[in-house]
Amino acid sequence: MNVTDFAVDEDGAISATLLGYSGPDVPRCCPDLQRKVEWHWRDGKFRLTALPVPGSV
């Protein structure tokens with residue numbers, strides 16, 4: 001996975017977009033998967049929240 005769009009907002013939440021590959025045949029130059037994630041500080045540690053995948057229900 002590669003990370004892009006890394007940011008920290010005014011409340012301290014960290015957000016990023018993760019880019020990856022659906023399989024070994026996908027050229028390494030062109031990631032074909034994308035997932036937006038956020039981390040929030042809770043109970044003394046960062047908790048990961050994966051945002052809904054575009055087009056999912």
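The model is predicted: local features need pLDDT of at least 70, side-chain atom pairs count only at pLDDT 80 or more, and totals for chains, interfaces and linings use all residues. Residues are numbered from 1 along each chain as its sequence is written, and side-chain values use heavy atoms, with hydrogens and water left out.

**Figure 1. Overall fold of the protein.** The protein has zero helices and four strands (DSSP runs numbered from the N terminus, helices being H or I of at least four residues and strands E of at least two). Along the sequence the pattern reads β-β-β-β. The radius of gyration is 13 Å, whereas a compact globule of 57 residues would have one near 10 Å (taken over C-alpha atoms, with the globule rule being 2.2 Å times the number of residues to the power 0.38). Along the principal axes, the C-alpha atoms fill a box of roughly 40 × 25 × 20 Å. Of the 57 residues, 16% are buried (buried means under 20% relative accessible area, exposed over 50%, and partly exposed in between, with a 1.4 Å probe and protein chains only). Among contacts with a separation of 6 or more, 9% are between residues 24 or more positions apart (contact means heavy atoms within 4.5 Å).

**Figure 2. The open sheet.** The four strands are arranged in the order S1-S2-S3-S4, with antiparallel pairing (two strands pair if DSSP finds at least two bridges between them). Strand S1 (2-8) and strand S4 (45-50) are the edge strands, each pairing on one side only. From one strand to the next the twist averages 25° (axes are lines fitted to C-alpha atoms, for helices over the stretch in contact, and angles run from 0 to 180 degrees between N-to-C directions).

**Figure 3. Strand S2 and its two partners.** S2 is mostly covered, five of its seven residues being buried. On the S1 side, five bridges join the antiparallel strands S1 and S2, and Val8 stands opposite Ile14 in S2. S1 and S2 form a hairpin with five residues between them, and Gly12 in the turn has a positive phi of about 90°. On the S3 side, seven bridges join S2 (residues 14-20) to S3 (residues 33-42), again antiparallel. Here Ile14 faces Trp39 in S3, and Leu18 faces Arg35 in S3.

Figure 4. Most residues other than glycine have a negative phi. Asp5, although not a glycine, has a positive phi of about 55°; Asp5 belongs to strand S1 and is exposed, at 52% relative accessible area. Asp43 also has a positive phi of about 55° without being a glycine.

**Figure 5. Contacts of aromatic rings.** The count comes to one aromatic pair (rings of Phe, Tyr and Trp, the last by its six-membered ring, pair if their centres lie within 6.5 Å; planes under 30 degrees apart count as stacked, over 60 as edge-to-face and the rest as tilted). The ring centres of Trp41 and Phe46 are 4.9 Å apart and their planes stand at 75°, so the pair is edge-to-face. Trp41 is exposed, with a relative accessible area of 54%, while Phe46 is partly exposed, at 43%. Elsewhere, Arg28 lies over the face of Tyr21, at 3.9 Å from the ring centre (a charge sits over a ring if NZ of Lys or CZ of Arg is within 6 Å of the ring centre and within 35 degrees of the ring normal).
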